[in-house]
Amino acid sequence: MEKIKRLTVAETFKQHDALVGKKVDVKGWVRTRRGNKNVQFVALNDGSTINNLQIVFDLSRFSEDQLRAVTTGSSIHVQGTLVESQGKGQNVEVQADELEIYGTADPAEYPLQKKGHSLEFLREIAHLRPRTNTFGAVLRIRHALAYAVHKFFNDKGFYYFHTPLITASDCEGAGAMFQVTTLDLNDLPKGEDGKINYNEDFFGRQANLTVSGQLEGELGATALGCIYTFGPTFRAENSNTPRHLSEFWMIEPEMAFYEIEDNMDLAEEFIKYCINYALEHCADDIAFLEEHFDKELTSRLRFVVENEFVRLPYTEGIRILEESGKKFEFPVYWGVDLASEHERFLVEEHFKKPVILTDYPKEIKAFYMKLNEDGKTVRAMDVLFPKIGEIIGGSQREESFEKLNKRVEELGLTGMDWYMDTRRFGSVPHSGFGLGFERLVLFVTGMQNIRDVIPFPRYPKNCEF
């Protein structure tokens with residue numbers, strides 16, 4: 001083949017005005033093939049866009065033997081002339097001059113055919129599902145959102161801070177953690193009391209995969225000012241719901257000298273920035289997902305970015321729910337940890353705006369949250385969205401050594417001396433929040449199950465691929 005710079009399908013469409021009438025070089029995978037005895041049409045996709053590039057093979061120039069291996073799933077290399085398309089569905093197409101076949105896919109065995117496949121079936125072949133239109137769109141949006149996260153914080157002067165994945169502390173105090181060990185599980189060393197002797201383990205103590213980078217993130221904030229983490233976290237809860245994963249990615253900014261109001265302002269600005277970025281840079285993918293999965297997707301995204309978030313104390317939220325007259329599946333009373341149905345009622349039916357719920361009872365929130373003067377509530381904040389409920393959780397952190405130490409003792413937490421040092425030496429008011437990245441991708445794509453917004457989901461009884 002003639003040496004021509006290869007263009008992606010996305011680049012070909014973007015530059016089509018300048019390329020019409022010129023020879024182009026494209027490579028990709030065959031989505032479909034159709035035609036008659038005179039001409040064959042192949043839909044080519046290379047993952048750079050939701051849109052396929054039509055390749056036209058004139059059978060006066062190509063034999064059936066040459067095209068026999070051009071089947072759905074096969075990968076090919078084509079050179080030809082880009083011309084304006086005479087058919088519907090595309091502006092331009094490639095009149096093929098030369099063909100090279102890289103890899104074939106036996107139609108009898110290739111599981112991704114033109115017919116629609118259920119999302120449940122595609123989870124069983126997660127190694128191939130990125131090749132579908134749906135997951136190509138989801139993964140491109142996921143990339144765009146990840147880039148937006150880094151750009152937002154970098155442009156605001158935050159530092160990307162890497163926190164450990166292996167830890168000896170439990171940030172949330174929940175205990176649902178994956179243990180990390182090199183001990184022989186068939187011959188565990190035990191002490192005289194019959195308990196496992198972790199002195200023999202790799203780290204000399206019990207270690208786990210992290211549930212959050214927040215505590216270490218606070219250490220960074222009290223040195224660098226404003227930091228953010230963005231990395232994998234792990235929860236060993238036996239949850240088989242559409243909203244839970246055992247391995248997921250968390251974004252956790254921590255800011256020195258931020259009060260709770262500053263924290264809320266940042267959370268609102270951040271989430272609006274990310275959604276706006278996706279709307280601007282992923283229009284074709286969002287339009288595809290809206291057409292096939294969620295007819296209200298764009299309007300719901302606009303709903304978030306075009307409305308000011310309501311700031312609502314938890315106590316007032318409980319009053320609204322109690323007086324609503326609505327029958328909820330889970331009871332409402334002061335002190336309850338709100339369910340998704342409660343959160344969505346406040347957002348979708350009562351205020352018709354996103355809501356930031358604040359000042360929760362201390363008993364249902366983590367030990368590190370700053371106690372309010374009433375002694376009963378803490379300076380927590382949860383950002384509530386339509387359809388999804390809570391998408392961000394955060395708080396002003398307790399900067400008082402005495403108050404935090406009392407809370408640590410009440411809960412019987414151990415091994416926290418390193419964390420308490422941030423309150424012993426130069427303590428400052430500081431705040432932060434956490435955003436589960438997959439929750440954000442779920443919201444922006446309109447998908448229904450969180451297992452469908454991460455390439456290879458991990459959940460109970462599933463660790464394939």
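Me: In this predicted model, is K272 buried or exposed?

Reply: Buried means under 20% relative accessible area, exposed over 50%, and partly exposed in between, with a 1.4 Å probe and protein chains only. K272, at 12% relative accessibility, counts as buried, and E268 is buried as well, with a relative accessible area of 7%. Residues are numbered from 1 along each chain as its sequence is written, and side-chain values use heavy atoms, leaving out hydrogens and water. Because the model is predicted, local features need pLDDT of at least 70 and side-chain atom pairs count only at pLDDT 80 or more, whereas totals for chains, interfaces and linings use all residues.

Me: Which residue forms a salt bridge with K272?

Reply: A salt bridge is a side-chain nitrogen of Lys or Arg within 4 Å of a carboxyl oxygen of Asp or Glu. Here E268 is the partner of K272, with the closest N and O atoms 2.9 Å apart. Both lie in helix α7 (residues 260-281), 4 residues apart, which means that about one helical turn separates them. Helices (H or I, at least four residues) and strands (E, at least two) are DSSP runs, numbered from the N terminus. Salt bridges with shared partners join D265, E268, K272 and R311 into one network.

Me: What does the salt bridge of E64 and R33 tie together?

Reply: Their side chains meet at 3.3 Å, N to O. E64 lies in helix α3 (residues 64-67) and R33 in strand β1, so the pair ties together parts 31 residues apart in sequence. E64 is partly exposed at 41%, and R33 is partly exposed at 26%.
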